[in-house]
Amino acid sequence: ILNALLTLLNEREFDNGSARLRVPLISVVGATNEVPAEEALMAFHDRFLVRVPVAGVSDAAFAALLALPAETAADTGAVEPIGPAELQATLAARERIHVPPSVMAALAGLRALAQSLGIAVSDRRWRQLVGLLRSAALTEGRERVDPLDLWLAPYVVAAQPSQLPALQEWFVREVAQAAMEDAPWLTHAVEAFEKQ
């Protein structure tokens, strides 16, 4: 099954008996309770470009979680899927988005940081990250990638949730050029908001 899933994700093809069928796959979203440790499963895990760890609901918001109404099929708000022609036009437009030298220099710095932290990032993944940055600019109607688009990079580079904080600190320090500060008032405001 794993080989079939890798073929589907890598080549957009599916083996149906003796026939290999082309699949109009655009994107895949998945969820897992843990990062796989087996080498074969790591190859599958690596195919997911953006990996965002999600924390459980806080104690303050637990009652609100339990009170949420059940979703129904009518609540999904299904939209018409994108067609092949529209996808190709979007990908072509994405390739015309300029990646400035400042972003390239920041990516080189991030690569050095990842290497120093022992995070292996494939060449394919770096190229996909640039595609993601271009997509971010395109969807906002911009002609060039902004350095602040690099907030996405830690979620692409981190292989394990434990690696994310150091990469996020890199973005704040090197790209946003902001200093981390304690803000107890913000913590209180968030807790009060969660209680509501």
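User: Let's start with packing. What do the buried residues of α8 pack against?

Analyst: The buried residues of α8 pack against α5 (101-116) and α7 (153-157). Contact here means heavy atoms within 4.5 Å. Buried stands for under 20% relative accessible area, exposed for over 50%, and partly exposed for the range in between, with a 1.4 Å probe and protein chains only. The helix names come from DSSP runs numbered from the N terminus: H or I with at least four residues for helices, E with at least two for strands.

One caveat: this is a predicted model, where local features need pLDDT of at least 70 and side-chain atom pairs count only at pLDDT 80 or more, while totals for chains, interfaces and linings use all residues. Residues are numbered from 1 along each chain as its sequence is written, and side-chain values use heavy atoms, leaving out hydrogens and water.

User: Which residues in α8 are buried?

Analyst: In α8, the buried ones are L164, L167, W170, F171 and V175. They cover an arc of only 120 degrees around the axis, which puts them on the same side of α8. That arc is taken over the directions from the helix axis to the C-beta atoms.

User: What should the 12 residues of helix α8 span?

Analyst: The expected span is 1.5 Å times one less than the number of residues. For α8 (residues 164-175) that gives 16 Å, and the end C-alpha atoms are 16 Å apart, which agrees. Just after α8, Q177 takes a positive phi of about 50 degrees.

User: What follows α5?

Analyst: G118 does, with a positive phi near 75 degrees. Further into the loop between α5 and α6 (123-139) is A120, which is exposed with a relative accessible area of 71%.

User: Where is R12, with its positive phi?

Analyst: Most residues other than glycine have a negative phi, and most peptide bonds are trans. R12 is a residue other than glycine, yet its phi is near 55 degrees. You'll find R12 in the loop between α1 (2-11) and β1 (13-16), partly exposed at 27% relative accessible area.

User: Now charges. How many salt bridges does the structure hold?

Analyst: Side chains of opposite charge can pair when their charged atoms come close. The structure holds 12 salt bridges, each being a side-chain nitrogen of Lys or Arg within 4 Å of a carboxyl oxygen of Asp or Glu. Look at D46: R124 forms a salt bridge with D46, the closest N and O atoms being 2.3 Å apart. R124 lies in helix α6 and D46 in helix α2 (residues 39-46), so the pair ties together parts that are 78 residues apart in sequence. R125 forms a salt bridge with D46 too, at 3.5 Å between the closest N and O atoms. R125 lies in helix α6 as well, so this pair ties together parts that are 79 residues apart in sequence. R47 meets D46 in a salt bridge at 3.6 Å, N to O.

User: Are those arginines, R124 and R125, buried or partly exposed?

Analyst: R125 is buried, with a relative accessible area of 1%, whereas R124 counts as partly exposed at 32%. R47 is partly exposed at 28%.

User: Which residues is F44 in contact with?

Analyst: Leaving aside neighbours within four places in sequence, F44 is in contact with L2, L5, L6 and L9. F44 sits in helix α2 and is partly exposed, at 22% relative accessible area. F44 and L6 are 38 residues apart in sequence but 6.3 Å apart in space, C-alpha to C-alpha.
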